[in-house]
Amino acid sequence: MQKIDRFLRLMNDRSASDFHLTVGRPPMVRASGSMETIRYRMISETDFTELLQPITPPSLWDLFVATGDADYSYEIPGLSRYRVNLFRQQRGAGAVFRVIPTKIMTIEQLGLPEQVRRIASIRSGLVLVTGPTGSGKSTTLAAIIDLINETRSLHIITIEDPIEFVHPNKKCLIHQREIGTHAKSFAEALKAAGREDPDLILVGEMRDLDTISMALSAAERGTLVFGTLHTNNAAKTMDRIISVFPAGEQEGIRNVLGETIRAVLAQQLLQQAGGGRVAALEILFSSPAIGNMIREGKTSQITSAIQTGVREGMVEMDTSIRRLYEAGRITARAAYDKAIDKEQFKELENA
């Protein structure tokens, strides 16, 4: 048993999502979205090294010492896996452990709308699951991949940093590649994936121009591509992808995106009125009209298209938030804070 394990077990006991270790502060956890201090002494540089160096691969510890940054995964058998980030900041060293749930939950267990199941039947093109850090994107994607794994016979390649959910081979052949362990970068792994006979490529994070460009190219060739972005609704997702490219290339990218986009699932986690957290979701299924909006640079109209696409299973983010508030599941403050169009929630600002 490593010294750090006792803190991670305490984190598990508190049902926390993250554990923070910072020089000059006592350890802290994030539980139900809020930061809580653990009763312990201030962490020194010596404490930090004694806790972290034994569990960090030697090459990555050397990288952290040299550059001030390192990422890897850590597992306590029988308890949980964690995504770990080491970093240096003004006051000294810091580390964050995020729980990687080992159990893949189903769409029903997550309480996701029934229409999310439709994403598992899409044959080609680009599907994006978006939201802020810690909003459950990986958990939702894992549930969709698991449904595909049970119902279709495909070759799936996942490219992740790090691997979160480990998928068994059911009806699908699944190869999971981890950045840093199995490939140097998302872009290089995506380039290689094109030569590996994939039916579906999952890109853990579309974080730069090269990765986004290759993901769009793969979708354009007819491969089904799942990806994630840190945006909180469908319209901003389109704008984010297009804005990554130089101005002279943006018209061409709008055309490709308009042709290849199949669905966007945007989600945010809100604090529940009685404790815990609940997801608000925006769901877009592409249509010829939405494709034209993207091609013509009229992404601002996408939200209206979602509002009028209820019969196709679409739902807009603010509508989802409003429903949670009216059902008494979230407070007025939480609804207002997470709303996209604050004007629609003006009466809740000071409630």
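Visitor: Which residue just after H1 takes a positive phi?
Guide: That residue is Ser 15, with a phi of about 55°. Please bear in mind that this is a predicted model.

Visitor: Which residues of H1 are buried?
Guide: Helix H1 spans residues 5-13, and its buried residues are Asp 5, Phe 7, Leu 8 and Met 11. They lie on the same side of H1, because they cover an arc of only 160° around the axis.

Visitor: And what covers the buried residues of H1?
Guide: The cover includes one helix, H2 (45-52). It also includes strands S1 (18-22), S2 (28-31), S4 (69-76), S5 (80-89) and S6 (92-100).

Visitor: Let us stay with backbone angles. What is the phi of Ser 32?
Guide: Ser 32 has a positive phi of about 55°, although it is not a glycine. Ser 32 sits in the loop that runs between S2 and strand S3 (34-37).

Visitor: How accessible is Ser 32?
Guide: Its relative accessible area is 37%, so Ser 32 is partly exposed.

Visitor: Where is Asp 197?
Guide: Asp 197 is found in the loop between H5 and strand S10 (200-203). Its phi is also positive, near 55°, in a residue other than glycine.

Visitor: Is Asp 197 buried or exposed?
Guide: Asp 197 counts as exposed, because its relative accessibility is 63% and the exposed class begins over 50%.

Visitor: Which residues does the cis peptide bond join?
Guide: It joins Asp 161 and Pro 162, with omega at about -5°. Pro 162 belongs to the loop between strand S8 (155-160) and strand S9 (173-178).

Visitor: On to helix packing. At what angle do H5 and H6 pack?
Guide: Helix H5 (residues 186-193) packs against helix H6 (residues 209-220) at an angle of about 20°, and their axes are 8 Å apart. H5 is therefore roughly parallel to H6, and the crossing is left-handed.

Visitor: Which residues make the contact?
Guide: H5 contributes Phe 186, Ala 187, Leu 190 and Lys 191, while H6 contributes Asp 210, Thr 211, Met 214 and Ala 215. The residues of this contact of H5 with H6 comprise 5 nonpolar, 1 polar and 2 charged.

Visitor: What about H7 and H8, at what angle do they cross?
Guide: The axes of helix H7 (residues 234-243) and helix H8 (residues 250-260) cross at roughly 135° and come within 9 Å. H7 and H8 are therefore oblique to each other. The crossing of H7 with H8 is right-handed.

Visitor: Which residues of H7 and H8 meet?
Guide: On the H7 side they are Met 238, Ile 241, Ile 242 and Ser 243; on the H8 side they are Gln 250, Ile 253, Arg 254 and Leu 257. By class, the contact of H7 with H8 has 5 nonpolar, 2 polar and 1 charged.

Visitor: One last residue. Where is the place of Leu 269?
Guide: Leu 269 is in strand S12 (residues 261-271). Leu 269 counts as partly exposed, because its relative accessibility is 25%.

Visitor: What is Leu 269 in contact with, leaving aside its neighbours within four places in sequence?
Guide: Its contacts are Gly 134, Ser 135, Gly 136, Arg 277, Val 278, Ala 279 and Lys 338. As for Ala 279, it is 10 residues from Leu 269 along the chain, and their C-alpha atoms are separated by 4.5 Å.

Definitions and conventions
Residues are numbered from 1 along each chain as its sequence is written. This is a predicted model: local features need pLDDT of at least 70, side-chain atom pairs count only at pLDDT 80 or more; totals for chains, interfaces and linings use all residues. Side-chain values use heavy atoms; hydrogens and water are left out. Buried means under 20% relative accessible area, exposed over 50%, partly exposed in between (1.4 Å probe, protein chains only). Helices (H or I, at least four residues) and strands (E, at least two) are DSSP runs, numbered from the N terminus. The arc is that of the directions from the helix axis to the C-beta atoms. Contact means heavy atoms within 4.5 Å. Axes are lines fitted to C-alpha atoms, for helices over the stretch in contact, and angles run from 0 to 180 degrees between N-to-C directions. Angles under 35 degrees count as roughly parallel, over 145 as roughly antiparallel, 65 to 115 as roughly perpendicular and the rest as oblique. A crossing is left-handed if the near helix is turned anticlockwise from the far one by less than a right angle, and right-handed if clockwise. Ala, Val, Leu, Ile, Met, Phe, Trp, Tyr, Cys and Pro count as nonpolar, Asp, Glu, Lys and Arg as charged, and the others, Gly among them, as polar.
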